[in-house]
Amino acid sequence: MQERTSDNPSPDITGPFTDIVRRGLQVIGENIPQDLQLNVLVLTFVIAALIWLFRNGHGSKGADGRARKAGFLKFLIPRDIYTHVSARVDIGLYVITRLFHAVWGVAIFAIVGPWSENLMITSLQTIFGDSPAMQVNYGWMMLYSLVSLLFYDFIFFLTHYAFHKVPALWAIHKVHHSAEVLTPLTRYREHFIAGPVWIAGQSLSLGLAAGIFAFLFAGNITEATLLNISFFLLLFGFTGSLRHYHVQLHYPVWLSRWLQSPAMHHVHHSYLAPHWDKNFAVITSLWDRLFGTLYIPEKDEYTPWGIGPETQADYRSLWQNISGPFRDWRAMLKR
Ligand SMILES: [Zn+2]
Ligand SMILES: [Zn+2]
């Protein structure tokens, strides 16, 4: 596990980030991201089919964001969504983003992660002295996995919040929100500048959590994993692929106060004023609750997707989306 050696500056302890980097590079270096692999897509369709069955044909939305009753095929793969210009632009943006991801996204992950891990270890050593070198057992590994998940979710929340509230960043993130329909590819619909920001935040959070546990256990700890995925991420994140899918997977209200249901992300993509800047986190509802941005939708709530009728026409084609941030920044500079 501990392959990192001499080029590693100060702390004597090397943390578990090596392990995260190994798994992370496997995931982000893959040509097809996890969400789009066959097993996850099949799981998504199975969950959707069950919703169709139990809700007697209700539970999906059309391209207009309105709930409607539909036959089985129309329910799973509706024509109005998959022939929409937005779904086509998703493909182009996906291809471009993946290319950039492979080049500098991976580099950022491998630099920021170990850096933040070392920073945490060194800081803790300065404050508390030597590592207590505690004994690892599976309970601690589970706790490490849970803490990583919470750190990840919190930094995701903060990054996402900044993407919405800082105008120069919103110019970039707008490309994700210019999606007028939700398809599994929409998750990867981003401007290519956004990817490295997300990855930097992700590796910062995992690195900081790794640093704490590396200090406590003198580097001898790895996350509890199942199928090579962090235990809690697998437990709580397995419905994540439905966040960008027109079928609504709701959780009971009490559970939505703790975990983000996929249907809550439908709200995040809606241009109706009460839905703006809501549900920023990806896994838990804790941070949205704490910062007052939680919105639990009614069943079948109307969520028209996109950036709204006034500006949508400027963000329709692939080129409009790629050039969007640069247009916005130029306008900001002129002002
Ligand atoms: Zn957003
Ligand atoms: Zn989204």
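Me: What covers the buried residues of helix α6?

Reply: The cover includes α7 (167-177), α8, β4 (229-230), α9 (231-237) and α12 (286-290). Helices (H or I, at least four residues) and strands (E, at least two) are DSSP runs, numbered from the N terminus. This is a predicted model, where local features need pLDDT of at least 70, side-chain atom pairs count only at pLDDT 80 or more, and totals for chains, interfaces and linings use all residues. Residues are numbered from 1 along each chain as its sequence is written, with chains lettered from A and ligands numbered from 1 in the order in which they are written.

Me: Which residues of α6 are buried?

Reply: Buried means 20 or more other C-beta atoms within 10 Å of a residue's own, with C-beta atoms placed from the backbone. In α6, they include Tyr144, Leu149, Asp153, Phe156, His160 and Phe163.

Me: Is Phe75 buried or exposed?

Reply: Phe75 is buried, because 21 other C-beta atoms lie within 10 Å. You'll find Phe75 in helix α3 (residues 72-76). Leaving out residues up to four places away in sequence, Phe75 touches Trp52, Gly57, Ser60 and Ala70; touching means C-beta atoms, placed from the backbone, within 7 Å.

Me: And how far apart are the C-alpha atoms of Phe75 and Ile51?

Reply: They are separated by 9.8 Å, though the two residues sit 24 residues apart along the chain.

Me: At what angle do the axes of α5 and α8 cross?

Reply: Axes are lines fitted to C-alpha atoms, for helices over the stretch in contact, with angles from 0 to 180 degrees between N-to-C directions. Those of α5 (residues 85-128) and α8 (residues 194-216) cross at roughly 30° and come within 7 Å. So α5 and α8 are roughly parallel (angles under 35 degrees).

Definitions and conventions. Parallel < 35°, antiparallel > 145°, perpendicular 65-115°, else oblique. Buried ≥ 20, exposed ≤ 12 C-beta atoms within 10 Å, placed from the backbone. Contact = placed C-beta atoms within 7 Å.
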